[in-house]
Amino acid sequence: MTAMDRLRAARPAPLPAVADREALFDRIVATPADGAGARPARSRRKLVLVAAVGLAVVLSAGTAYAVATDLFGWHTDNVFVKDPRVWRGLYRDATQELRLPPGMAWPYRTLPPHTITNRTEPGGMAVGIAQTAWECYWTEAIRANDRTAERDAHSALTDLVRHHIVVAPPGSPENVAPPAGTQAPFEIYASDGGISYVKHNYALAAAGDPSGVAQSCRANRGDLQIPPVR
Amino acid sequence: MNPDQHPPEDPEARFRRVFAHLQPVADYAARRGSSDPEAIAAETMAIAWRRLDRVPADDPRPWLFVTARNLLMAEQRRTTRRSQADRALARPEAAPAVESTDPAVTRALRALPERDREALLLVAWEDLTPAQAAAALGIAPVAFRVRLLRARRRFARSLSADGLPNTPDVLEVKST
């Protein structure tokens, strides 16, 4: 037996069939899809051409800077955090602005060694933690039929989506930052329909179906210690 | 309509073909040590639906594995961000928890650099062709073949050192 034969023979057994495939399929296709509704390539090319001409006109008018910074306001952020103490300070500040489910404490987080990031990332992480925590809490509340806890989770997540999640313009680079004055902390979503999926899951949960928030909770909770619904 | 043009395919019908790979993606996540492979597979499919125009219609598997792999890496980053005490013990460069049914194979896999191990496993466990595996890793097919050659040699050496009788170092892969 060759080494490769032995490697192949040592492949772990497949998982049992994924449960509720059709329900998952239905849930996914019920959400908006950027690509699913895409125009044919020829139309897209025309659109790109028109957009390119339009952009050239704008740029030739000498307003590129104003467009980039004043009109849309999104810009690249080249101020980096290298010091874990600074990172933790920003994270701590963010946690003061956010709310967690009853009885839950903020987990310890810091900047990993040999890492740099921009100044908005600690706040974004805090928002992500709060979001996941409330999604898990909402899942439990629905399963426990605790209406008060359900309303609390719904309210907290609505507030997060409205005030602490911003969607970057299409094609933005990794280090994009929103307009100055955006209320911190915030988490930046790519313009790929992700926020629509999140809202769809919350609408399902508000209607008593926890499947979407439960999936997000399972995928994102990691080491978070979510207290039980009381 | 130009008779040479096909009418645009119904997105749901197209996604149905992508979704058919749900189980292999879940298996892939499980074999790479995910704590919740079904959630990784479900999230991969949700992303595929949102970005359906970017998913290759003829062969979505490499794209799906790239996406699942990114989600796995995010999961592993979250897992390593544990309490301060845990972090003191954690090694950021530690190998992902790849497990096989053969302890010697597991040890030999863990001794490999991560990118060599992934090249090997995409072919041996996920049954990708070298061209598909190259696409999944975002490298040229020629570069993948070089990496695979190096990986299988290292793997064979590592396995031999673990007590396996000397075996021919031969790799048969499906042609592209």
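Helices (H or I, at least four residues) and strands (E, at least two) are DSSP runs, numbered from the N terminus. The views below come from a predicted model, in which local features need pLDDT of at least 70 and side-chain atom pairs count only at pLDDT 80 or more, while totals for chains, interfaces and linings use all residues. Residues are numbered from 1 along each chain as its sequence is written, chains are lettered from A and ligands numbered from 1 in the order in which they are written, and side-chain values use heavy atoms, with hydrogens and water left out.

**View 1. A cis proline in a loop of chain A.** Let's start with A:Pro185, which sits in the loop between strand 5 (176–177) and strand 6 (187–189) of chain A. The peptide bond leading from A:Ala184 into A:Pro185 is cis, with omega near 0 degrees.

**View 2. Where chain B meets chain A.** The contact (heavy atoms within 4.5 Å) draws 55 residues from chain B and 45 residues from chain A. Together the two chains bury about 4,700 Å², 59% of it on carbon and sulfur atoms; buried area is the accessible area (1.4 Å probe) that two parts lose on being put together, summed over both.

**View 3. A salt bridge between the chains.** Here A:Glu22 and B:Arg16 form a salt bridge, their closest N and O atoms being 2.9 Å apart. The pair runs from helix 2 (residues 21–29) of chain A to helix 1 of chain B.

**View 4. Helix 8 against helix 9 in chain A.** Helix 8 (residues 194–206) and helix 9 (residues 211–220) of chain A pack at an angle of about 125 degrees, with their axes 7 Å apart. Axes are lines fitted to C-alpha atoms, for helices over the stretch in contact, and angles run from 0 to 180 degrees between N-to-C directions. That angle makes helix 8 of chain A oblique to helix 9 of chain A; under 35 degrees counts as roughly parallel, over 145 as roughly antiparallel, 65 to 115 as roughly perpendicular and the rest as oblique. Among the residues making the contact are A:Tyr197 and A:Leu204 of helix 8 and A:Val213 of helix 9.

**View 5. Positive phi in two loops.** A:Asn145, in the loop between helix 6 (121–143) and helix 7 (147–163) of chain A, has phi near 55 degrees, a positive value in a residue other than glycine. B:Asp127 is not a glycine either, yet has a positive phi of about 60 degrees.

Conventions. Salt bridge = Lys/Arg side-chain N within 4 Å of Asp/Glu carboxyl O.
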